[in-house]
Amino acid sequence: MKRRWPFWLTMGALMIGALLAYRSAVFSSRSGDAAPLYSTRRHDPYGTAALYTLAIERGLETRRIEQPTLDPDDRGTLIQVPNGTRGAFGGATYHLQTRQLADWIAQGNTVVQLSRVPTELMGHFKIAVAKEVPADLLESIRGEETRGANPDEVPGTNYLARLQGEDKGLPDGRLLLREPMSFADRPNDPRWSVLARVPTYGNAIVAAELRVGRGRLILVGAPTPAINETLGQESNLDFLLSTIGDGPVLLDEWSHGIGHEATIIGFLLEAGLLPILLQVGFVAALYVWSTSQPHASDDEQMSAPEAGVGAGQVATLGFLYSRSLAPDATAERVSAEVTRRLAEALRCRPHDVCARVSSLAPDLRQRCEQLFQRLAAIQPPRDVRCPTCGYDLRGNVTGRCPECGALLSSELRHHIAQLAPSPPSTRGSMKLQTKAAFADALSLSYELSQEIRRESRVAN
């Protein structure tokens, strides 16, 4: 009995971790738009998709930066709208390499930073802040914007800043800024120019320019002028167009966490499933401790899985996905993980996987295609969810969503009625089969990626 306590302790840790993972995944799934705050891939009021599209429509050479460094031939204007994305385990904020950016500006390029908080580049050039946004207010603003709240519900005050850079080609107008930070003046620095002040905010400096070599760094105390909601208000758009000029235009997506290497560890962190990492470490420690006891009997020894540690961990990952996430979220993440794993083995981008699979040996190609078919077969239906909150409405007979209370349309009620629910006797077995299918798909993708790598080494 004494030797059984590690087993029960491990089971308890797994249950607690699964509960924490489930709660964090539910919170993440309800946090609003899936794209990062201020990203060009976000089309609600708090993205920069409109600015990206407008630059392309005007015929400007436009590119997203999804790497930590600029390319040697990059030139023009780099627009950065930092969102405060944190690194792994709460580390430093993601940002492009500061030293390289400073040298790039000096070569005759422009960097425009629109941020409510001080940046690494501001620190590099010793640009001081006169007044920062209070931390609690800043957190509230970010939280509401991240979940895609109604703009009227976002806390903070709108300010109108008078532009005063006509000699620099700026329009004669005003910037609309929501709760901006302000910059300390540098009257004795000939490289420093004030671009906008807010008369009703103590004449605070909320936009300024610093000449660096042949280029310039333009600072704006809030992301408001660049985001979809307020891009066209007051002189926000004219201000940005005057700084962009004839282009090219570069939009920083790396600082939003886009383009970072896709790994299982990174995926778990981004999905809020950190407790799983703690479980694996704890289980591994118990395994090492229990197998190192000198007088343990044979039946008390823990044996390694026959399929190998890598395959076992991948299968466990699929099982934990199915236990902690909703079926559609599980299917989406399992499909993304399978595609990523095959893309790494094939040394291509995820959207090129199908094309590259066609060049494999016939047997290996057929197995990959069977895996794609299996993934398609386990995808849950997506057309019976509440259009307001996304709740699964299969079997609903009330005409209202039990999650948010929204009244369902007649077409949706008719469609729900046509979907006959599964018999109670088969629901349990169907769930088990689906969970097993998720784990099998991940295990098979692991095996196929290993075989693809071996085939590639033999061919070379």
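The legends below describe close-up views of one predicted model.

Residues are numbered from 1 along each chain as its sequence is written, and side-chain values use heavy atoms, with hydrogens and water left out. In this predicted model local features need a pLDDT of at least 70 and side-chain atom pairs count only at pLDDT 80 or more, whereas totals for chains, interfaces and linings use all residues.

**View 1. The protein chain as a whole.** The secondary structure comes to 14 helices and eleven strands, taken as DSSP runs numbered from the N terminus (helices H or I, at least four residues; strands E, at least two). Of the 460 residues, 42% are buried, that is, under 20% relative accessible area with a 1.4 Å probe and protein chains only. The chain averages a pLDDT of 78, and 72% of the residues score at least 70, where pLDDT is the predictor's confidence in each residue, from 0 to 100. Over residues 25-32 the pLDDT is below 50, although this stretch has eleven contacts in the model beyond near neighbours in sequence, a contact being heavy atoms within 4.5 Å.

**View 2. The aromatic pair of Tyr 159 and Tyr 201.** The structure holds one aromatic pair, formed by Tyr 159 and Tyr 201, with 4.5 Å centre to centre and 40° between the planes, and it is tilted. Rings of Phe, Tyr and Trp (its six-membered ring) pair if their centres lie within 6.5 Å, and planes under 30 degrees apart count as stacked, over 60 as edge-to-face and the rest as tilted. Tyr 159 lies in strand β5 (residues 158-163) and Tyr 201 in the loop between β8 (192-198) and β9 (204-212), so the pair ties together parts that are 42 residues apart in sequence. Both Tyr 159 and Tyr 201 are buried.

**View 3. The buried side of helix α3.** In α3 (residues 98-106) the buried residues are Thr 98, Leu 101, Ala 102, Trp 104 and Ile 105. They cover an arc of only 160° around the axis, which puts them on the same side of α3; the arc is that of the directions from the helix axis to the C-beta atoms. The elements against which these buried residues pack include β2 (77-80), β3 (110-114) and α4 (120-124). Just after α3, Gly 108 takes a positive phi of about 110°.

**View 4. Val 384 and His 415.** Val 384, in the loop between α12 (362-377) and α13 (410-418), is buried, with a relative accessible area of 1%. The C-alpha atoms of Val 384 and His 415 are separated by 7.6 Å, while the two residues are 31 residues apart along the chain.

Methods
Buried means under 20% relative accessible area, exposed over 50%, partly exposed in between (1.4 Å probe, protein chains only).
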